[in-house]
Amino acid sequence: MIRRAVLEDVPAIRAMADIAFRDAYRTILSQQQIEYMMEMMYSLPVLSGQIGSGEAVFLIEEGQGYASLRKESDTMFLLDKLYVLPEFRKTGLGRRLFDAVCDAARLMASDPAKLHLYVNRYNTAVTFYEHIGMRKAGQRDNPIGHGYYMNDYVMETDLGGR
């Protein structure tokens, strides 16, 4: 059952990221960049701050996967994270998490709204996002510090109305 995460879920999200995020990028990024990004995005204080402040809405399927959403404006939302543990991939969980994110965004949106995300250009998730109806809207090379870049496609979809 997918539900909204609370502060007590932070260690579980971190534990899932330790597996899913590392697995997603092990053949794409250096181990040093993965470690840097894990600390930047998944340290307990960072996750606690995002959930506690309401900066991001995290959705979790306990022990299987998680997603997060950020409201950028009344009509623009960012799918910030969507990761499924390797043993639960190709079960429909990624699609269910994505749909839950879209539903959460629609509840916060003014009509019409869009959802966008950044996905590494070499990540197999690009195919997943295209399969569920997202489209490439551009690309970016975003510096994240220590000489590292996120080399992403920008993908988007229309959310429609409530």
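Contact here means heavy atoms within 4.5 Å. The model on your screen is predicted, so local features need pLDDT of at least 70 and side-chain atom pairs count only at pLDDT 80 or more, while totals for chains, interfaces and linings use all residues. Residues are numbered from 1 along each chain as its sequence is written, and side-chain values use heavy atoms, with hydrogens and water left out.

Start by selecting T75, in the loop between β3 (65–73) and β4 (76–84); strands are DSSP runs of E, at least two residues, and helices runs of H or I, at least four, numbered from the N terminus. Setting aside neighbours within four places in sequence, T75 contacts S110, P112, A113 and K114.

Next, pick Q50 in helix α3 (residues 44–53). Q50 is buried at 7% relative accessible area (buried is under 20%, exposed over 50%, partly exposed in between, with a 1.4 Å probe and protein chains only).

Now show F21 and Y83. Their rings make an edge-to-face pair, 5.7 Å centre to centre with 65° between the planes (rings of Phe, Tyr and Trp, the last by its six-membered ring, pair if their centres lie within 6.5 Å; planes under 30 degrees apart are stacked, over 60 edge-to-face, the rest tilted). F21 sits in helix α1 (residues 10–25) and Y83 in strand β4, so the pair ties together parts 62 residues apart in sequence.

Finish at R140, which lies over the face of Y118, 3.5 Å from the ring centre (NZ of Lys or CZ of Arg must be within 6 Å of the centre and within 35 degrees of the ring normal).
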